[in-house]
Amino acid sequence: MIGATILMALTAVRRNAMRSFLTTLGVIIGVASVIAMVTLGRGATASVTRDISALGDNMLIIVPGADRRFGSSASARPFTADDVRAIREEVPSVSNVAPTSGGAGRAVYGNQNWSTGLTGADNAYLRVRNWGVALGREFTDAEVRSGSAVCLLGETPRQKLFGALDPLGESIRVGALSCEVIGILESKGTSTFGEDQDDFILVPLVTFQRRVSGNENIGAILVSARAGVPTRDAQLDLISLLRQRRHVRPGDEDDFIVRDMQEVGQLVGTVTGVLTTLLGAIAAVSLLVGGIGIMNIMLVAVTERTREIGIRMAIGARAGDVLLQFLVEAITLSLLGGVLGICLGLLGSWATTRAFGLPFVPGLDVILGSFLFSALVGVFFGYYPARKAARLNPIEALRYE
Amino acid sequence: MTNLVEIRDIHKIYGYGETEVRALDGVSLDIDEGDFIAVMGPSGSGKSTFMNLLGCLDTPTSGSYRLRGVEIGRLDRDTLALLRRHQLGFVFQGFNLIARTSALENCELPLLYQGVARKERRARALDALERVGLADRAHHLPSQLSGGQQQRVAIARALVTRPAVILADEPTGNLDSARSEEIMRLLVELNEAQRITIAMVTHEPDMADFARRIVVFRDGRVTSDEARRPLPRGGDPS
């Protein structure tokens, strides 16, 4: 009997194919936007997470200054070579220690010039950031120790300065410093935040200190936690060592920050997750509007088919049979909209993620969720018209013109 | 032996107090198995109300109505629907086929509600269409059929469940005289050859002449009840 009722409902939907499609359009758009929003949001989250791990999976960044939540105060004392040595010797939970110091400058080669970042560091920097050399070689120990005038180019300055030319062995000038190009770094591309990660030139730290900054300060120390050691443990070890070395009294705030990049990644992930939920919820509102559209058409259909309802009742349909038929019709419409909306949403978000270079992460939970939600919309908005149909008096319904 | 239909002192009153209308005011009537009665009377005589009660679409205010010995005067809506589903067939003045649904599917509909399996449903619907001479039009839509053909499909739909009674409400009201006679001959044939009980409302004496028995209503009462032809002898199935 239920099978027969479903059959009748499907027949009715098919009989009005065009109107059925227009009715479901609201649900199609609703479901499609929920799917698209959530899929895009998750793509963005995945992209951010990927960027963070591209920075170095278990990387910790130590910078001077108190944690003010938004940036650090510039007045704090920088680190010294002794701090770096102490970390290397006294903190077993970290493996690579890379002191860096950075600035900016105008790089010039021939008649080409390019404003870029200039970073002083050693090969440990490449280890921590999990960065390889695409062309040429890394620094030698002698170059690092003596502060030779050599440099590694990021992909962006290489392209701007040399174009199709071979940069190896050429001499470029960065501000007051002249140096020989010994290698080109692998390209990491643009991060989700829109930052060009390849736009900088790397020189040995000593070279930077002597020839550019003119002091022995270390602006930031990058370390990686030893494999198998939780970054949180390494972070605590570093904090206790540096508090001691920098004479921070117990109870006073740290005058430096040890930032765990995994933590940053998780934080960003949380933020994008909240945004995704929010967008999905807004999209769900349009799904409700689609449901109202279905109710509207079902009410029209009940009026229009009053005579048919009368005939069915005369033939022997109980109130419940009529209720079920119209309810199934409404649910069929909304589920049809749900399925089409899922296809449209996946297609749309696939195209969009392609266009923005985001990963495409369709979630089974969103797909099933919006499918169920559209079924619920059908039940909810189909019930009232169906009840109206079921309550008709057969004698009056048969006489209805 | 009980009669197929036994109606005793039935009243149907609409409204209360000053607006009270006594649509039926003490009607008693029996219908035998295999009979063909024509119900006549001017408009407002109560004949439509009577047919609605007979068709279990409505319940009387007072009195008793037994169909095959079962008292149905006080049943609820759903039970009445089940009675209609299994015991009654309807033919209307306006044909009342379901639009955009083929003749065959229209005939299958009552069986669908009875829960008859697909194969049997199709066979029985085709058989019913054959009995009204429309087997070759099974897949036509109502809009592709003439009025007379539509009414024959409606008769097939009423027949298909093998009901105790077929109720026909002005079945020729929308047809010209040639088509009307065709429909009436079909009803007579079904009644005589297949012993199907028919109760028909009409206001045309020509059509009433086809029936075995003519019952005339006026002001909610039966004023005349005249048997024109006897029921066939013997072969009583009960």
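Visitor: How many residues of chain A are in contact with chain B, and how many of chain B with chain A?

Guide: This is a predicted model, and contact here requires that the C-beta atoms of two residues lie within 7 Å. On that basis the two sides of the contact number 18 residues of chain A and 19 residues of chain B.

Visitor: Which helix supplies the largest share of the side of chain A that touches chain B?

Guide: Four helices of chain A, namely H1 (2-15), H10 (306-315), H11 (319-356) and H13 (394-399), each supply at least two residues of that side. By class, the side of chain A that touches chain B holds 12 nonpolar, 1 polar and 5 charged residues. The largest share of it, 6 residues, comes from H10(A).

Visitor: Is chain A a compact globule or more spread out than one?

Guide: Chain A has 13 helices and 10 strands, and its C-alpha trace spans about 105 × 55 × 35 Å along the principal axes. For 401 residues the globule rule gives 21 Å, whereas the radius of gyration of chain A is 33 Å, well over that value, so chain A is more spread out than a compact globule.

Visitor: Are H1(A) and H11(A) parallel or oblique to each other?

Guide: The axes of H1(A) and H11(A) are 8 Å apart, and the two helices pack at an angle of about 50°. Angles under 35 degrees count as roughly parallel, and 65 to 115 as roughly perpendicular. The angle between these helices therefore makes H1(A) oblique to H11(A).

Visitor: What is the handedness of the crossing in which H1(A) passes H11(A)?

Guide: Among the residues that meet are Ile6(A) and Leu10(A) in H1(A) and Leu324(A) and Val328(A) in H11(A). The residues of this contact divide into 9 nonpolar, 3 polar and 2 charged. The crossing of H1(A) past H11(A) is right-handed.

Notes. Residues are numbered from 1 along each chain as its sequence is written. Chains are lettered from A and ligands numbered from 1 in the order in which they are written. This is a predicted model: local features need pLDDT of at least 70, side-chain atom pairs count only at pLDDT 80 or more; totals for chains, interfaces and linings use all residues. Ala, Val, Leu, Ile, Met, Phe, Trp, Tyr, Cys and Pro count as nonpolar, Asp, Glu, Lys and Arg as charged, and the others, Gly among them, as polar. The radius of gyration is taken over C-alpha atoms; the globule rule is 2.2 Å times the number of residues to the power 0.38. Axes are lines fitted to C-alpha atoms, for helices over the stretch in contact, and angles run from 0 to 180 degrees between N-to-C directions. Angles under 35 degrees count as roughly parallel, over 145 as roughly antiparallel, 65 to 115 as roughly perpendicular and the rest as oblique. A crossing is left-handed if the near helix is turned anticlockwise from the far one by less than a right angle, and right-handed if clockwise.
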